[in-house]
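Trainee: I have not worked with this structure before, and I would like to learn how its features are read. Could we go through a few of them together?

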Amino acid sequence: MTVRRGSDRRQRWLKVGSWETISDGDRRVCASCGTPVRSYQYRFHPPESPMFERCVGLAWCSGCRIYSGSMVHVPRERVLVDALASLPRDQRERMERSETGLIDHLDGQFGGDSAPPARRRPDGPVG
């Protein structure tokens, strides 16, 4: 897939079903522009739900401004990073209702090649 990169950093995010990435050591990079692929997973269901291990997974390329999302399996025992922990509740809820808003926030928070901040919370739904 060829995606035109604009010079405007605020270009809209485009959701795609799939896109090509290539291995670069222990990480993936976008085949179109070479930007490291970023990803984030979060729990959608409460701990008491039989669906608790079914989580939302997002991956994106900051350079091309494309992303994909899907449901992913994350074992119950795995503690996920909560990249929204520092946000006030109302801002967090707004962000959770918008995939592109969430990705925009996470993209700015991750910056460069760094990993998300190591803020953790007990396994539970985001929110």
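Trainee: Is Cys 55 buried or exposed?

Mentor: Please keep in mind that this is a predicted model. A residue counts as buried when its relative accessible area is under 20%, and Cys 55, with a relative accessible area of 0%, is therefore buried.

Trainee: How many disulfides does a search of the whole structure find?

Mentor: Two cysteine sulfur atoms make a disulfide if they lie within 2.5 Å of one another, and the search of the whole structure finds 0 disulfides. Cys 30 is in no disulfide, and the nearest cysteine sulfur to its own, which belongs to Cys 61, is 3.8 Å away. Cys 30 also counts as buried, at 2% relative accessibility.

Trainee: In which sense do strands β5 and β6 pair?

Mentor: Strand β5, residues 54–61, pairs with β6 in the antiparallel sense over 8 bridges, and within this pairing Gly 57 has Ser 70 in β6 as its bridge partner. The two strands form a hairpin with 4 residues between them, and Arg 65 in the turn has a positive phi of about 60 degrees.

Trainee: Which residue in β6 is the bridge partner of Lys 15?

Mentor: That partner is Tyr 67; strand β1, residues 14–15, pairs with β6, residues 66–73, in the parallel sense over 2 bridges.

Trainee: Where is Glu 96 placed?

Mentor: Glu 96 is in helix α1, which covers residues 89–96, and with a relative accessible area of 26% Glu 96 is partly exposed. The C-alpha atoms of Glu 96 and Leu 84 are separated by 9.4 Å, while the two residues are 12 residues apart along the chain.

Key:
Residues are numbered from 1 along each chain as its sequence is written. This is a predicted model: local features need pLDDT of at least 70, side-chain atom pairs count only at pLDDT 80 or more; totals for chains, interfaces and linings use all residues. Side-chain values use heavy atoms; hydrogens and water are left out. Two strands pair if DSSP finds at least two bridges between them. Buried means under 20% relative accessible area, exposed over 50%, partly exposed in between (1.4 Å probe, protein chains only).
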